[in-house]
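Welcome! Please take a look at the sequence and the 3D structure below before reading on.

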Amino acid sequence: MASSPASVAVSLPRPLLSRRARELATGYLYLLPVALCLGGTILFPILKAMHMSLYRHVLIRPQEYGFIGLGNYARLLHDETFWLTLWNSLVWVFGSVGFQFLGGFAAALLLHQSFRGRAFVRTVTLLPWIVPGVVVALVWEWLYQPNYGVLNDLLLRLGVLRDRVAWLSDPSLAMPAVIATNVWRGVPFFAIMLLAGLQAIPDELYEAARVDGASVLQRFRHVTLPLLRPIIIVATATRIIWTFNYADLIFVMTSGGPANATQITSTYTLLTAYSTLDFGYAATLSVVLLVIMLTFTVLYLRVTRGIDSVA
Amino acid sequence: MSAPDRRRAAAGGAPRLTRPRADWVERVLSGPVLWLGLLALTLFALGPFVWVFLTSLKTRAELYATPLQYLPGRLTAVNYVDAWTSKLTPFSRFFANSLWVSSVTMVATTAVSILAGYALARFRFAGRNVLLLVFLATQMFPAVLLIAPLLSQWYALGLIDTYQALIYSNFSFTVPFTVWMLVGYFDAIPRELEESALIDGCGRFGALCRVVLPLAAPGVAATAIFAFVTSWSELLFAITFTTQTEMRTLSAGLLFMVGQYEIQWGQLSAGVMISTVPVAILFTYLQRHLIRGLSAGALKG
């Protein structure tokens with residue numbers, strides 16, 4: 001490709017727009033498809049949800065359709081189930097994320113050591129996280145199955161249980177049971193995030209601490225923990241938001257039951273739209289979820305600001 | 001003598017004296033604790049899958065035997081054949097649906113995200129940082145929030161029970177993430193390479209296709225697979241926007257199977273294995289890229 005001076009000298013017709021304006025136009029042109037995609041699937045639906053939330057709109061009762069102003073929001077304030085779901089969400093989020101973190105941290109420390117077959121164990125550890133959510137839910141439903149499930153059988157054989165337990169239909173056990181499933185699913189996430197963080201810590205720091213006579217626990221406390229802090233914050237914050245939104249597991253395993261014992265705000269929103277077909281109220285719940293999400297996101301950005309590079 | 005050699009020599013010069021003996025805590029930790037921990041970790045992660053795999057190989061009588069029979073008597077593929085050919089829950093059809101929806105989502109998402117990622121990485125325009133923030137924030141958006149409005153939107157457009165509705169809805173969670181990832185990959189490519197192409201008479205698009213894309217190919221492939229895998233796993237849109245059995249994806253089909261009057265755990269386990277294996281293989285390949293992307297993506301906010 002010889003760029004001879006002659007070819008430059010041929011003067012092009014003066015372009016209509018300046019070079020900079022053309023660049024800008026190209027930039028916006030490249031963004032057009034993404035604007036259409038997200039406009040149609042996120043922005044417009046959100047505006048529509050706000051609009052829908054002002055109407056009585058139950059799909060199976062079209063004769064009642066009509067504008068009711070803030071009626072749905074008033075209903076929300078007096079909806080005991082809604083307040084219950086907020087509490088359940090709190091239990092679900094902190095139960096899940098807390099144990100996921102502890103398990104994931106332990107797994108990351110193990111996987112950071114060098115041993116034969118490390119690649120295999122790493123891949124296996126990731127499995128619960130990568131399979132579809134519905135698969136996780138069904139696998140665990142089968143483990144929990146009262147009569148033919150392996151969990152009851154093992155616990156009976158070990159003498160931990162005397163009678164079979166209906167894990168998912170006992171109101172006091174259902175929430176711990178779905179949380180346990182979610183912990184299983186989420187441990188790999190923390191494991192790989194923290195593993196990436198561990199690998200980024202230079203060996204020299206450990207060597208220096210060792211030379212200074214720091215024991216393994218002191219090295220963990222004074223080298224590992226402080227250096228992992230940023231990634232711990234980011235991973236935990238991301239996970240909290242994620243878990244709050246995550247409806248698949250509970251939806252498949254219990255549909256929020258028994259008697260709303262596992263009903264979290266996101267499954268409640270889903271079921272209001274999907275089962276009751278009460279679009280007006282479902283949209284109201286969506287708007288409330290949106291506000292909660294935005295609050296979370298602003299908090300997230302504040303907490304993670306200034307954390308630039310870890311991994 | 002090269003630098004590492006010198007360092008090694010220096011370290012070797014004071015053998016073992018500067019290095020305190022490993023205390024007993026350390027020895028226990030790197031010995032029994034490590035091995036027990038690894039064993040527990042492997043069992044924890046793999047155990048449930050092993051159980052479902054064994055279940056999928058059992059006959060009906062073995063499944064519901066008392067006391068519980070742990071291992072299948074003789075291996076049978078009957079559950080796989082039944083699930084694949086069943087009239088009520090045809091997994092062959094579900095598989096084809098998932099394959100189609102995920103593939104189209106992947107291709108479209110990648111095309112759209114390449115353009116957007118390139119624009120955000122290379123053009124300086126007002127609101128660029130705000131846009132980047134929007135992409136970060138939308139990654140955290142719950143699908144449940146969109147169900148009600150999208151459902152009524154697809155009703156109004158007559159798109160219930162169509163692939164378009166599923167594919168288009170999938171963009172809401174694939175695109176924000178892939179754009180975010182690709183901006184990172186494109187940013188890492190030196191501008192000088194493109195600038196020489198531009199001087200040589202390439203247009204912006206030509207530079208993108210001939211210079212940037214080949215260099216970013218591994219990253220682009222990883223994001224594409226990510227879009228495929230997340231669409232493959234998607235459940236809520238798939239059950240809400242389809243009503244007919246023939247339109248169900250694997251995830252929706254599995255759930256639909258549970259909705260039948262009696263759960264066929266043998267067939268269901270076979271279905272679980274069928275829907276798991278493809279993503280497991282893809283993800284194993286993807287691992288390295290994804291971990292980097294996830295930590296980078298999560299951090300740049």
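This is a predicted model: local features need pLDDT of at least 70, side-chain atom pairs count only at pLDDT 80 or more; totals for chains, interfaces and linings use all residues.

**Where chain A meets chain B**

- Start with the contact between the two chains, to which chain B brings 81 residues and chain A brings 82 residues.
- On the side of chain B that touches chain A, helix 13 (residues 265-299) of chain B gives the most, with 17 residues.
- Sorted by class, that side of chain B has 56 nonpolar residues, along with 19 polar and six charged ones.

**The two domains of chain B**

- In the domain assignment, chain B has domain 1 (14-76) and domain 2 (80-299).
- Between the C-alpha centres of domain 1 of chain B and domain 2 of chain B there are 33 Å.
- The two domains of chain B do touch: seven residues of domain 1 are in contact with seven residues of domain 2.
- On the domain 1 side of this contact, helix 2 (24-56) and helix 3 (60-63) of chain B each supply at least two residues.
- Helix 2 of chain B has the largest share of that side, at four residues.
- By class, the domain 1 side that touches domain 2 of chain B divides into three nonpolar, two polar and two charged residues.

**A loop residue in chain B**

- Glu262(B) sits in the loop between helix 12 (250-259) and helix 13 of chain B.
- Glu262(B) counts as exposed because it has 5 C-beta neighbours inside 10 Å, and the cut-off for exposed is 12 or fewer.

**Two loop residues in chain A**

- Ser255(A) is in the loop between helix 11 (248-253) and helix 12 (265-274) of chain A.
- The phi angle of Ser255(A) is near 50 degrees, which is a positive value in a residue other than glycine.
- Ser255(A) has 16 other C-beta atoms within 10 Å, so this residue is partly exposed.
- Asn260(A) is also placed in the loop between helix 11 and helix 12 of chain A.
- Although Asn260(A) is not a glycine, its phi is positive, at about 65 degrees.
- Asn260(A) counts as partly exposed because it has 18 C-beta neighbours inside 10 Å, while a buried residue needs 20 or more.

Key: Residues are numbered from 1 along each chain as its sequence is written. Chains are lettered from A and ligands numbered from 1 in the order in which they are written. Ala, Val, Leu, Ile, Met, Phe, Trp, Tyr, Cys and Pro count as nonpolar, Asp, Glu, Lys and Arg as charged, and the others, Gly among them, as polar. Domain bounds come from an automatic or database domain assignment.
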